[in-house]
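Please open the structure in a viewer and keep the sequence beside it.

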Amino acid sequence: MRKNSNTKECHNECKTMLVDGLSLEEWIAKETYPRTVSLWGQEYHDFKPYLCETIIGDGLQLVCLETIDNRPHYWLIRIDSKTDVSSDDFDFEDILEPIEEECGSCEGVDECESCQENVEECVYPNNISWGGGHWGMVVNFGNGEVGS
Ligand SMILES: [Zn+2]
């Protein structure tokens with residue numbers, strides 16, 4: 001009983017908590033705001049980072065996943081605040097899978113069914129393709145940490 005009430009308390013606290021002066025809602029608004037990203041000197045304007053509707057665990061940690069194939073585009077997902085994404089034990093499939101399920105993956109026009117059905121190449125955010133990449137914590141409302 002006591003454990004339950006503590007968990008609830010923390011959850012409410014975390015909801016009203018600020019990290020770097022911003023609430024989780026404000027962090028999400030900031031991180032999904034359209035921006036210019038670049039790769040090899042080419043600029044991509046009005047890129048709006050996609051935040052997955054799927055939430056893992058308490059959802060108090062915001063992480064990003066960038067793939068080599070989709071650079072400079074990336075995806076955002078809310079996961080459990082107790083997950084350490086920089087740990088060797090962390091399995092990136094845990095965040096890749098829900099993104100693929102929600103958005104749809106695309107292996108290129110020759111291999112991809114939805115490309116062929118739609119007679120055009122899948123576009124972000126419905127085109128995640130994993131041939132390697134990286135991921136990282138953006139902000140964690142469980143411990144107040146901010147990613148680099
Ligand atoms: Zn496709």
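The stops below lead from the whole chain to single residues.

**Before starting**

This is a predicted model, in which local features need pLDDT of at least 70 and side-chain atom pairs count only at pLDDT 80 or more, while totals for chains, interfaces and linings use all residues. Residues are numbered from 1 along each chain as its sequence is written.

**Stop 1: the whole chain**

Display the protein as a cartoon. Its secondary structure comes to four helices and seven strands. Helices (H or I, at least four residues) and strands (E, at least two) are DSSP runs, numbered from the N terminus. Followed along the sequence, the pattern is α-α-β-β-β-β-β-α-α-β-β.

Of the 148 residues in the protein, 18% are buried. A residue is buried if 20 or more other C-beta atoms lie within 10 Å of its own, exposed if 12 or fewer, and partly exposed in between, with C-beta atoms placed from the backbone.

**Stop 2**

Two strands pair if DSSP finds at least two bridges between them. Strands of a sheet pair through backbone hydrogen bonds, either parallel or antiparallel.

Which strands pair with strand 5 in the parallel and in the antiparallel sense? Strand 3 (residues 50–55) runs parallel to strand 5 and is joined to it by three bridges. Strand 4 pairs with strand 5 in the antiparallel sense over six bridges. To see individual partners, select Y50 with W75, its bridge partner in strand 5. Then select L51, which stands opposite L76 in strand 5, and L62, which stands opposite R78 in strand 5.

**Stop 2: the hairpin and its loop**

Strand 4 and strand 5 form a hairpin with six residues between them. Select P72, which lies in the loop between these two strands. The peptide bond joining R71 and P72 is cis, with omega about 0°.

**Stop 3: the helix across the sheet**

**Stop 4: the nonpolar core**

Select V63, L65, W75, I77, I95, I99 and V138. These are the residues with the most contacts inside the largest nonpolar core, which has 17 residues. Strand 4 (61–67), strand 5 (74–79), helix 3 (93–103) and strand 6 (133–140) each supply at least two residues of this core. Its largest share, four residues, comes from strand 5. A nonpolar core is a set of buried Ala, Val, Leu, Ile, Met, Phe, Trp, Tyr and Cys residues joined through C-beta atoms within 7 Å. In soluble globular proteins, nonpolar side chains tend to be buried together.

Centre the view on I77. Leaving aside its neighbours within four places in sequence, I77 is in contact with C52, T54, V63, L65, I95, P98 and I99. Two residues are in contact if their C-beta atoms, placed from the backbone, lie within 7 Å.

**Stop 5: L24**

Select L24 in helix 2 (residues 24–31). Is L24 buried or exposed? L24 counts as buried because it has 20 C-beta neighbours inside 10 Å. Not counting residues up to four places away in sequence, L24 touches L60 and F141. L24 and Q61 are 37 residues apart in sequence, and their C-alpha atoms are 8.9 Å apart in space.

**Stop 7**

Select D46 in strand 2 (residues 42–47). Its phi is near 55°, a positive value in a residue other than glycine. D46 counts as exposed, because it has 8 C-beta neighbours inside 10 Å.

Finish in the loop between helix 4 and strand 6, where V119 lies. Phi of V119 is near 50°, again a positive value in a residue other than glycine. V119 is exposed, with 7 other C-beta atoms within 10 Å. P125 lies in the loop between helix 4 (113–118) and strand 6, and the peptide bond from Y124 to P125 is cis, with omega near 5°.
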